[in-house]
There are 4 protein chains.
Amino acid sequence: MQNLKLASIGKKGDRTKIKVGDVVIGEGFVVVAGPCGVESEEQTLRTAEAVKAGGGMMFRGGAFKPRTSPYDFQGLGLAGLKILARARELTGLPIVTEVIDPRDVSWVCEFADILQIGARNMQNFSLLKEVGRAAKPVLLKRGMYSTLKEWLNCAEYILAEGNPNVILCERGIRTFETYTRNTLDLSMVPALKELTHLPVMVDPSHGTGKLSLVEKMCLAAIAAGADGLLVEVHINPCEAKSDAEQQLTPEQFKRLMQKILKLNHCMSDPLFDTSITGGDQR
Amino acid sequence: MQNLKLASIGKKGDRTKIKVGDVVIGEGFVVVAGPCGVESEEQTLRTAEAVKAGGGMMFRGGAFKPRTSPYDFQGLGLAGLKILARARELTGLPIVTEVIDPRDVSWVCEFADILQIGARNMQNFSLLKEVGRAAKPVLLKRGMYSTLKEWLNCAEYILAEGNPNVILCERGIRTFETYTRNTLDLSMVPALKELTHLPVMVDPSHGTGKLSLVEKMCLAAIAAGADGLLVEVHINPCEAKSDAEQQLTPEQFKRLMQKILKLNHCMSDPLFDTSITGGDQR
Amino acid sequence: MQNLKLASIGKKGDRTKIKVGDVVIGEGFVVVAGPCGVESEEQTLRTAEAVKAGGGMMFRGGAFKPRTSPYDFQGLGLAGLKILARARELTGLPIVTEVIDPRDVSWVCEFADILQIGARNMQNFSLLKEVGRAAKPVLLKRGMYSTLKEWLNCAEYILAEGNPNVILCERGIRTFETYTRNTLDLSMVPALKELTHLPVMVDPSHGTGKLSLVEKMCLAAIAAGADGLLVEVHINPCEAKSDAEQQLTPEQFKRLMQKILKLNHCMSDPLFDTSITGGDQR
Amino acid sequence: MQNLKLASIGKKGDRTKIKVGDVVIGEGFVVVAGPCGVESEEQTLRTAEAVKAGGGMMFRGGAFKPRTSPYDFQGLGLAGLKILARARELTGLPIVTEVIDPRDVSWVCEFADILQIGARNMQNFSLLKEVGRAAKPVLLKRGMYSTLKEWLNCAEYILAEGNPNVILCERGIRTFETYTRNTLDLSMVPALKELTHLPVMVDPSHGTGKLSLVEKMCLAAIAAGADGLLVEVHINPCEAKSDAEQQLTPEQFKRLMQKILKLNHCMSDPLFDTSITGGDQR
């Protein structure tokens with residue numbers, strides 16, 4: 001793809017692997033789970049324990065919430081980050097959390113293991129440049145209106161500043177369909193795999209916005225070749241201050257993980273190593 | 001969903017099964033394969049043999065081709081249908097072929113085992129009513145601009161005329177993304193499964209328009225819970241008069257079928273029978 | 001634009017003019033008005049009289065209504081066409097009415113002065129070919145998902161069959177915006193004017209789906225260079241069986257016509273004859 | 001519209017007027033013109049003089065350019081702002097310029113008369129809050145993927161911080177159409193007028209991305225009821241470092257202004273004061 005210097009896959013096909021604590025993204029399959037927002041210490045710590053118990057490998061939660069209305073819950077900010085740090089102490093799970101302001105990047109890095117750039121900020125170039133100078137990996141969500149080309153160029157913005165650790169995350173695009181909150185575009189997984197060396201994750205919770213569709217889209221993402229999943233889990237989804245419709249209970253998450261492991265095991269068969277068109281897929 | 005009388009899934013959750021020759025759609029997994037268009041007897045019969053040899057269960061091919069330009073290849077018409085009938089004789093595979101004019105329905109039924117309604121004709125209500133009165137099952141593709149609700153209402157048009165055998169086929173919607181020909185919306189598979197008793201198939205060839213993405217989207221469709229796939233196969237894709245970019249060679253199809261069988265076998269594990277939200281998924 | 005043989009504007013820039021009764025489309029400005037559907041003789045004749053009295057130049061009404069659900073009002077069919085014929089007798093206004101089935105084209109021509117192809121049938125190629133062989137002009141609405149290129153190719157389908165009298169009608173495309181029913185794409189007016197010699201009309205009633213927006217979009221269409229408008233008028237919009245939200249009362253139509261005439265008069269100033277880039281715009 | 005406290009139009013229908021130098025936005029019609037980017041002192045000053053000579057009322061130019069690729073021209077930054085200040089000295093025209101980073105707002109205010117928030121930053125809430133605390137009016141462009149509701153909520157973010165002077169600017173949304181760069185959604189003009197008291201401008205240069213369509217879309221925006229226009233003008237469009245395809249020459253701008261004035265004069269007729277549905281439109 002034109003213009004990409006650092007994000008393009010090379011001739012050898014080497015792929016980026018990102019080590020975060022004990023987890024290596026791009027090697028094996030990674031499930032990141034947690035609530036949409038950090039709402040309280042109890043809600044967060046109990047959810048983190050449930051994620052750990054269910055088999056989640058990283059914990060996610062938002063301390064800064066970009067919301068459509070200025071009058072909606074905007075997140076706990078620093079207090080939320082401190083709660084996330086406690087969740088890490090408690091469970092040992094690395095923390096993924098969103099940063100929305102370039103002025104916050106340096107101090108959010110004190111708490112986060114991975115910095116998330118949300119869909120609305122995908123082309124917030126000031127923020128991209130700032131996280132490109134940070135020492136933490138960046139999880140870059142696709143903008144709900146953005147093409148594959150634009151998305152990869154945003155990864156390039158981060159790489160060009162010197163941060164080689166970028167994870168791309170498909171989270172659904174905006175279309176005319178209203179039954180789902182967004183249209184999860186799983187074809188981006190193999191499309192990215194043929195264009196870039198960066199790991200690719202999928203967020204079916206935001207991608208569908210419907211609890212009843214999350215499981216199947218998780219499985220489909222695995223079959224499509226994703227390196228990992230982001231799944232929203234809440235100790236009590238009905239009381240969530242945001243995304244109440246799409247968060248799993250701990251029990252649902254546990255059952256989902258069993259299926260994820262089963263399917264991953266199946267997909268690890270050497271039969272799936274080579275594509276039907278001849279290319280190496282690992 | 002409001003307005004649906006016949007297409008809605010009932011309280012018992014019974015699902016429609018459609019027997020066509022030895023194949024039962026909605027029971028086990030069905031792969032329909034064949035060229036975009038019937039171009040010649042040799043191309044068609046050789047492709048049909050390859051589909052059969054590769055493990056395809058039905059043969060598809062277009063005798064009427066709805067094309068953007070009036071000056072593009074429009075299909076062989078009756079001559080094409082006769083070739084398809086010979087392909088069936090040769091291989092025993094049931095034939096799926098598109099009908100585009102209500103005046104053709106009765107005589108196309110003489111050749112076809114399943115009538116396909118293409119994406120451009122999803123809301124061609126005269127045609128829907130006509131196939132609703134035909135004695136053959138109907139494969140109803142989603143319009144590239146159509147919502148889930150509109151699509152199900154088109155199935156209702158067919159059902160309301162007395163034909164109970166409708167198969168829904170997701171084939172991608174039109175979005176702003178240009179890397180893929182369409183955006184394959186796999187979330188429709190579980191969405192349809194919770195709304196209707198009709199079987200659901202997926203067409204990754206049109207859904208992506210890119211050979212390199214077809215395999216992964218086939219596997220993702222299986223994991224999403226589809227009842228079957230439509231895959232374009234051509235004895236010599238480079239020389240195809242339409243869709244040259246997305247048709248598989250017989251060898252590629254054979255390798256794809258191995259993966260499809262492997263993944264289906266995995267997904268037949270009882271673990272996948274119950275959804276994480278508690279519902280029966282079979 | 002590639003592939004267009006007959007629809008492309010020539011080097012001389014000559015434009016098609018279509019004479020229907022006393023009206024010449026492509027010369028002066030034409031307002032076509034009437035109800036979404038022909039519901040009864042009284043509703044239709046009274047509306048036709050109101051359209052005539054208000055200054056409308058043609059009368060539109062649907063006898064065949066393509067509806068999302070099979071259980072919605074589908075139009076009066078032949079009975080509706082007979083009512084339209086009476087409306088013409090009564091008012092002298094030419095009749096524009098939709099045809100949705102290729103089998104109906106020949107006999108609908110007995111009643112209609114202009115055959116309308118609706119948005120859902122823009123790529124119903126059987127229907128396009130049939131109206132291409134009819135002796136009446138065709139008003140071809142843009143499909144709600146269709147590109148400019150596809151639309152012009154559909155005009156080409158009609159022209160290629162020998163019917164030179166095609167009018168293009170922008171009626172809004174489907175986007176993510178839900179405040180309006182469709183997104184009226186007025187940029188298509190000058191875009192079509194630079195590509196084709198065919199006249200271009202605009203339908204703000206369907207294009208917005210909101211009564212409160214119709215007036216301004218009518219005026220904007222005139223300023224954009226359209227050759228005419230389609231406006232929905234109903235003697236009693238609240239009781240309309242379809243499109244109740246977007247039809248004007250006779251009184252509103254009358255006031256709209258005054259503004260249309262005023263703006264047209266202004267736009268007839270020679271200042272507007274030449275484009276700022278130098279081209280002749282007449 | 002739910003959630004809006006400050007942006008909603010009140011019962012009296014009073015509208016916000018924003019005085020900037022000698023210009024009052026929301027009273028009379030305002031044309032803002034200038035190059036996409038500030039490239040050099042000569043290019044900027046000569047264009048500013050041409051805008052002034054042609055009848056433009058404000059001067060726009062970007063010192064910070066948000067670009068798809070990190071390797072494209074990113075603007076001159078502070079040096080560009082100083083050039084804009086000189087353009088203001090030279091011509092007396094107030095300056096509209098984009099700010100893309102919350103850290104820049106305070107010092108960009110030293111140079112700008114109106115702060116522009118670009119489409120990609122519409123939901124950059126940190127930036128919105130920052131300009132909400134600034135002492136300069138804000139021109140808020142619609143995001144290319146944003147609904148009317150989201151857009152108005154972004155205005156609400158600014159108003160809620162204490163800045164009452166927000167101008168909304170429609171600049172086209174992203175759709176499947178590729179002939180135009182974006183789809184200019186003029187129906188937003190009357191839609192906004194019925195929901196909010198804030199002034200509404202239109203940017204046909206970005207909205208179409210095609211020089212040949214700019215003129216007609218300018219006129220259509222006026223007829224739709226816009227309070228002003230943003231038009232890209234460049235002393236030498238062929239050599240522009242961005243948006244070369246859509247910038248007008250000074251001569252074209254001059255001719256455009258004549259038409260704008262003519263049409264505005266026509267639209268000032270009292271006939272257009274009251275809407276056909278009875279509401280006051282002024």
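A salt bridge here is a side-chain nitrogen of Lys or Arg within 4 Å of a carboxyl oxygen of Asp or Glu. One of them joins B:R142 to A:E177, with N and O 2.8 Å apart. This is a predicted model, where local features need pLDDT of at least 70 and side-chain atom pairs count only at pLDDT 80 or more, while totals for chains, interfaces and linings use all residues. Residues are numbered from 1 along each chain as its sequence is written, chains are lettered from A and ligands numbered from 1 in the order in which they are written, and side-chain values use heavy atoms, with hydrogens and water left out.

Back to chains B and A. Four salt bridges cross their interface. In the contact (heavy atoms within 4.5 Å), chain B supplies 55 residues and chain A supplies 55 residues. Buried area is the accessible area, taken with a 1.4 Å probe, that two parts lose on being put together, summed over both. For this pair of chains it is about 4,600 Å², with 68% on carbon and sulfur atoms.

Now, charged pairs inside a chain. Helices are DSSP runs of H or I of at least four residues, strands are runs of E of at least two, and both are numbered from the N terminus. Buried means under 20% relative accessible area, exposed means over 50%, and partly exposed is in between (1.4 Å probe, protein chains only).

In chain C, the side chains of C:K259 and C:E215 form a salt bridge at 2.6 Å, N to O. C:K259 is in helix α9 and C:E215 in helix α8, so the pair ties together parts 44 residues apart in sequence. Are these two buried or exposed? C:K259 is buried, at 3% relative accessible area, and C:E215 is buried, also at 3%.

Compare C:E27 and C:K17, whose closest N and O atoms are 3.3 Å apart in a salt bridge. C:E27 is partly exposed at 45%, and C:K17 is partly exposed at 48%.

Over all chains, the count is 80 salt bridges. Some join up: A:D101, A:R103, D:E130, D:R133 and D:E161 are linked in a network.

Last, strand β8 of chain D, residues 166-170. Five of its five residues are buried. D:V166, D:L168 and D:E170 point one way, and D:I167 and D:C169 point the other way.
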